[in-house]
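Morning, everyone. I have one structure to walk through today. Please take a look at it first.

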Amino acid sequence: GDIFFSSMSPRTKTSKADLDENPSLVGIGIYFQRSNDKGNQGPSIKDITPKGSAERDGTLEIGDRVTHINGASTSEWSMSQVRAACIGTAGTSVRLNVVRGSDNTPCEVTLVRGSPEYWGFHDLVHRLKSEMATKQNEVETLRQRLKEHEESVSLRGGENDAVKEQVITLERKNRKL
């Protein structure tokens, strides 16, 4: 079957079955290819997965050449080693140094590992937490309004008591007449 390298060490082999058994091992949403640049034997970005980590970040482009992953030079790495360095537990980070274009413009980006499904779930949780906070604020606002209303009613109750007292006094006076 397919052989992949572990995310812990580019030299330790892990089978595809091992990765399938641990679905929390995910990548950064990049497909690599061997660079066509003779001066750089490292990988270049062949494609970026829709809704994956790299696309969400928006920094990397197809054709960017990866010179380092987590500080280690990729110039002598196999494609399996590159892939292995990018695979890991969802939510952990990978730092890539890339060069772009004919002028080799350098760029460094740190991506968080996660599949499109991971990011979909992450976004859902974030949205639900935000909605919950909004609802909690609405509840607090309603509690404050209720308290103010209760105080207002209480004050009016005092006014009512005063009016009742005046009515009783007037009734007493009227009886005396």
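Let's start inside. The largest nonpolar core has 19 residues, and Ile-30, Leu-60, Ile-69, Leu-96 and Leu-111 touch the most other members. By nonpolar core I mean buried Ala, Val, Leu, Ile, Met, Phe, Trp, Tyr and Cys residues joined through side-chain atoms within 4.5 Å. Buried is under 20% relative accessible area, exposed is over 50%, and partly exposed is in between, with a 1.4 Å probe and protein chains only. Which elements give two or more residues to this core? They are β4 (30-34), β5 (43-48), β6 (65-69), α3 (79-86), β9 (93-100) and β10 (105-112).

A word on the source. This is a predicted model, where local features need pLDDT of at least 70 and side-chain atom pairs count only at pLDDT 80 or more, while totals for chains, interfaces and linings use all residues. Residues are numbered from 1 along each chain as its sequence is written, and side-chain values use heavy atoms, leaving out hydrogens and water.

Now the overall plan. The protein has four helices and ten strands. These are DSSP runs numbered from the N terminus: helices are H or I, at least four residues, and strands are E, at least two. Of the 177 residues, 28% are buried.

Ile-69 touches Thr-74, Trp-77, Val-82, Ala-85, Cys-86, Val-94, Arg-95 and Leu-96, leaving aside residues up to four places away in sequence. A contact here means heavy atoms within 4.5 Å.

Next, Glu-76. This residue sits in the loop between β7 (72-73) and α3. Is Glu-76 buried or exposed? Glu-76 counts as exposed because its relative accessibility is 69%. Gly-42 is 34 residues away from Glu-76 in sequence, yet the two are 6.6 Å apart in space, C-alpha to C-alpha.

Then the aromatics. There is one aromatic pair in the structure. Rings of Phe, Tyr and Trp (its six-membered ring) pair if their centres lie within 6.5 Å; planes under 30 degrees apart are stacked, over 60 edge-to-face, and the rest tilted. Tyr-118 is at 26% relative accessibility, so this residue counts as partly exposed. Trp-119 is at 9%, so Trp-119 counts as buried.

Last, contacts across the chain. Among contacts between residues at least 6 apart in sequence, 54% join residues at least 24 apart.
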